[in-house]
Amino acid sequence: WLIFVSRSRIDALWDQVRRAVERGRLGHAAKVSTALPDPRSPDPKKHVILVYTSNEDDPTDVRRVRDALRQLGVNWRIPYKSDAAEGAAAKYYE
């Protein structure tokens, strides 16, 4: 899942996501963009948190992780796509 969030909210949300991954409530890993500007970013005022799932072809697990993100307050629509789908459209957008 790709969670785009403003610079002012990134630290608090990242802390929640990091703790949820450590507790096994989300996927097996997550990462966050750095404070350095990214020239490829469509909005340099936003950061991205990537939350990985165990198997992109398991819709039950993918949606379980999405539901857990909603419990963390990520209630807006976010895209999901695999690393292998670079440049491709999102597989889910929920």
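E22 is exposed, with 57% relative accessible area. This residue belongs to a network of salt bridges with shared partners, which also takes in D15, R18 and R19. The model described here is a predicted one. The chain has 94 residues, of which 34% count as buried.

**Overall fold**

- Two helices and five strands make up the elements of the chain.
- Read from the N terminus, the order of these elements is β-α-β-β-α-β-β.
- Of the contacts between residues at least 6 apart in sequence, 58% link residues at least 24 apart.

- The structure holds seven salt bridges, including the ones described below that join R18 to D15, R19 to D15 and R18 to E22.
- Side chains of opposite charge can pair when their charged atoms come close.
- R18 and D15 form a salt bridge with an N to O distance of 2.5 Å; both residues sit in helix α1, three residues apart, or about one turn of the helix.
- D15 also takes part in a salt bridge with R19, where the closest N and O atoms are 3.1 Å apart. R19 and D15 are four residues apart in helix α1, again about one turn.
- R18 has a further salt bridge to E22, at 3.2 Å from N to O. These two residues of helix α1 are four apart, about one turn of the helix.
- Through shared partners, these salt bridges tie D15, R18, R19 and E22 into one network.

**Exposure of the network residues**

- R18 has a relative accessibility of 31%, so this residue counts as partly exposed.
- D15, at 28% relative accessibility, is partly exposed.
- R19 is partly exposed as well, with a value of 30%.
- E22 has a relative accessible area of 57%, which is over the 50% cut-off, and is therefore exposed.

**Around S8**

- S8 is part of helix α1, which covers residues 7–22.
- With a relative accessible area of 71%, S8 is exposed.
- The side chain of S8 makes a polar contact of 3.1 Å with the side chain of S6.
- S8 and K46 are 38 residues apart along the chain, and their C-alpha atoms are separated by 8.8 Å.

Notes. Residues numbered from 1 in each chain as written. Predicted model: local features only at pLDDT ≥ 70, side-chain atom pairs only at ≥ 80, totals over all residues. Heavy atoms only, no water. Buried < 20%, exposed > 50% of the residue type's maximum accessible area, 1.4 Å probe, protein only. Polar contact = N/O pair within 3.5 Å; in protein donor to acceptor, adjacent residues only side chain to side chain. Contact = heavy atoms within 4.5 Å. Salt bridge = Lys/Arg side-chain N within 4 Å of Asp/Glu carboxyl O.
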